[in-house]
Amino acid sequence: MIKILGIIPAPNSGVSFYRSTGVLNEMHRQGVIHFDFMSGAIDWDMIGRYDIIFMERPYTKQHIETAARVIMLGKRLVVDYDDYLFGLQKDNPVYHEYNNVQIKKNMLFILNNAHAIICSTDYLKEKLKELTSVDHSRFYTVPNALNDYILAITEPAVQTGVMYRGSGTHKLDCESVKDALLNISRETPITFYGHCPDFIEQSMYEFTHIHWTGSITGYYGSLSQRLNSVMVV
């Protein structure tokens, strides 16, 4: 059985739910693989127990040091990226963290040395390929999917009205359809699940803002009970 160790910065985050622990835990439970995970640095004593070291969104100096040890010890390095971290917009909350020359060099080292790079979309895969000069057959697209082994998939009654679902990383997306959202708000109240744009909060129109801060499983449990006739995602 293949033994995998995941280096996961935030094992219970939304990204991990879609891209790492949420999936690999289930594969472990089914006996497909053996999977463990941790958040910190590892050395030869831990690396030696596994066939593959999996890293989610690696970008730090510590990630580089770990990756170099993995390669030196002859183990396979597999990494996953679900965002184009080389070109974040300035309104993104983590823009200043990734818009750093050394951080970009770190990610380029990973892309050029990992044995496999998993991407969430074909577009992202092609963008990352452009940054590397090595074998592009190492790039794979594995899209996010609906988790139906943890989440209870139901068919709630459809409610009238409009709901927007999105985080604060989509401010510019909302700005691009500002006039449309304001026009809709004149006719019917909009529920904003997550981020609510400033121009809506400052308007005279009725709206509902649900600011979710709990676990992702609770989030989906709540969202599944709020199926509106029009959903903006």
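Where is the place of Val-23? In this predicted model, Val-23 sits in helix H2, which spans residues 21–29. Val-23 counts as partly exposed because its relative accessibility is 32%, and partly exposed is the class between under 20% (buried) and over 50% (exposed). Together with Tyr-149 and Ile-150, Val-23 makes a nonpolar surface patch of about 240 Å².

Let's move on to helix H4. This helix covers residues 61–72, twelve residues in all, and runs 17 Å from its first C-alpha to its last. That is close to the 16 Å expected at 1.5 Å a residue. Within H4, the buried residues are His-63, Ile-64, Thr-66, Ala-67 and Val-70. They lie on the same side of H4, because they cover an arc of only 165 degrees around the axis. Look to the other side of H4 and you will find Lys-61 and Met-72, which are exposed.

Helix H7, residues 122–129, is our last stop. Here Leu-124, Lys-125, Leu-128 and Lys-129 are buried. Viewed down the axis of H7, these buried residues fall within an arc of 135 degrees, so they line one face of the helix. They pack against E4 and H6, and also against strands E5 (116–119) and E6 (139–141).

How values were computed
Residues numbered from 1 in each chain as written. Predicted model: local features only at pLDDT ≥ 70, side-chain atom pairs only at ≥ 80, totals over all residues. Heavy atoms only, no water. Patch = residues over 30% accessible without salt bridge, like charges linked within 9 Å, V, L, I, M, F, W, Y side chains within 5 Å. Areas by Shrake-Rupley, 256 points an atom, 1.4 Å probe, with all protein chains shown as cover. Salt bridge = Lys/Arg side-chain N within 4 Å of Asp/Glu carboxyl O. Helix = DSSP H or I, 4+ residues; strand = E, 2+ residues; numbered from the N terminus. Buried < 20%, exposed > 50% of the residue type's maximum accessible area, 1.4 Å probe, protein only. Expected span 1.5 Å × (residues − 1). Arc of directions from axis to C-beta. Contact = heavy atoms within 4.5 Å.
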